[in-house]
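Reader: I am new to this structure. Please take one part and go through it closely.

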Amino acid sequence: LGLGGVVIGVSTFLLGAVPAPGTSETTITIWLYVLVPTAGLVATALLAAARAKGAARSMLLGAAAGVCFGVIAVLTKATMFLLGRGLGVAMTHWEPYVLIGVGILALVCSQSAYQSGPIAYSMPMHDLLEPSVAVIIGILALDERIPLDPRSLAITGIGAAISCAGIVVLSRSPVVHAEYVAHEHDGAALLARPGVSGSPGVAG
């Protein structure tokens with residue numbers, strides 16, 4: 001039910017939002033207004049994840065990955081526009097290089113989230129934030145537009161609510177908690193094997 005809620009919720013959210021194309025380039029000032037706060041959100045999530053454990057750590061890392069992938073979606077649009085004007089033109093702009101950097105960070109965050117616990121903790125945060133961040137940045141930076149009529153706003157709001165409810169259901173699921181206990185047990189068993197770095201067998 002939790003997984004279904006996330007999938008249906010995100011799909012409903014996008015069905016209601018459906019941003020208009022907008023433009024593929026904007027000024028550096030607007031990019032800074034958008035990307036600097038977004039970078040702050042990612043940094044805050046990572047700092048909190050470094051101090052958290054268990055499910056909270058997985059969710060925070062998943063959130064950081066989701067924000068990064070949302071930024072990637074928008075930067076990809078800008079980079080493809082520049083490449084359409086020629087490789088030489090693209091190489092003289094900052095967007096392709098930032099895209100590569102954010103891509104590496106997103107990969108590290110997502111893989112760290114998967115390793116910190118069951119995927120049911122991290123993936124919902126990732127799947128909810130990626131399209132949300134992409135839509136918001138598209139509106140603020142690339143002049144994309146979403147329908148603001150009551151029907152569309154209602155669909156978007158319902159989708160977001162269903163997604164959040166799915167995350168709550170997953171976080172309280174006994175199946176997920178059982179997977180987490182098994183994950184922790186397997187990790188402890190691996191470290192306990194003789195010959196594994198840092199294990200009691202090595203210390204002995």
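Leaving out residues up to four places away in sequence, which residues does Ser110 touch?

Author: Ser110 touches Ala65 and Phe69, once residues up to four places away in sequence are left out. Touching, or contact, means heavy atoms within 4.5 Å. The model is predicted, so to speak of a local feature takes a pLDDT of at least 70 and a side-chain atom pair 80 or more, while totals for chains, interfaces and linings use all residues. Residues are numbered from 1 along each chain as its sequence is written, and side-chain values use heavy atoms, without hydrogens and water.

Ser110 sits in helix H5, residues 95–116. Helices (H or I, at least four residues) and strands (E, at least two) are DSSP runs, numbered from the N terminus. Ser110 counts as buried because its relative accessible area is 5%. The cut-offs are under 20% for buried and over 50% for exposed, with partly exposed in between (1.4 Å probe, protein chains only). A polar atom of the Ser110 side chain lies 3.0 Å from the backbone oxygen of Leu107.

Now the setting. The protein has nine helices and zero strands. Of its 204 residues, 38% count as buried. Take the contacts between residues at least 6 apart in sequence: 78% of them join residues at least 24 apart.

Val42 is another buried residue. Val42 lies in helix H2. Val42 counts as buried because its relative accessibility is 9%. Beyond its neighbours within four places in sequence, Val42 is in contact with Ala64, Val67, Cys68 and Leu105. Val42 and Leu61 are 19 residues apart in sequence, yet 9.0 Å apart in space, C-alpha to C-alpha.

Next come the nonpolar cores. A nonpolar core is a set of buried Ala, Val, Leu, Ile, Met, Phe, Trp, Tyr and Cys residues joined through side-chain atoms within 4.5 Å. The largest core has 23 residues, and Trp31, Val71, Val74, Leu75, Val102, Ile137 and Ala141 touch the most other members. Helix H2 (28–51), H3, H5 and helix H6 (119–142) each give two or more residues to this core. The largest share, nine residues, comes from H3. A second, separate core has eight residues, including Val10, Ala63, Ala120 and Leu128. In soluble globular proteins, nonpolar side chains tend to be buried together. Leu75 has contacts of its own to list: Trp31, Trp94, Glu95, Val98, Leu99 and Val102, not counting residues up to four places away in sequence.

Turn to the outside. Met80 is found in helix H3. Met80 counts as exposed because its relative accessibility is 52%.

Last, a loop residue. Asp143 lies in the loop between H6 and helix H7 (150–171). Asp143 counts as partly exposed because its relative accessibility is 44%. Phi of Asp143 is near 60°, a positive value in a residue other than glycine. Most residues other than glycine have a negative phi.

Methods: A polar contact is a pair of N or O atoms within 3.5 Å; within protein, one must be able to donate a hydrogen and the other to accept it, and residues adjacent in sequence count only if both atoms are side-chain atoms.
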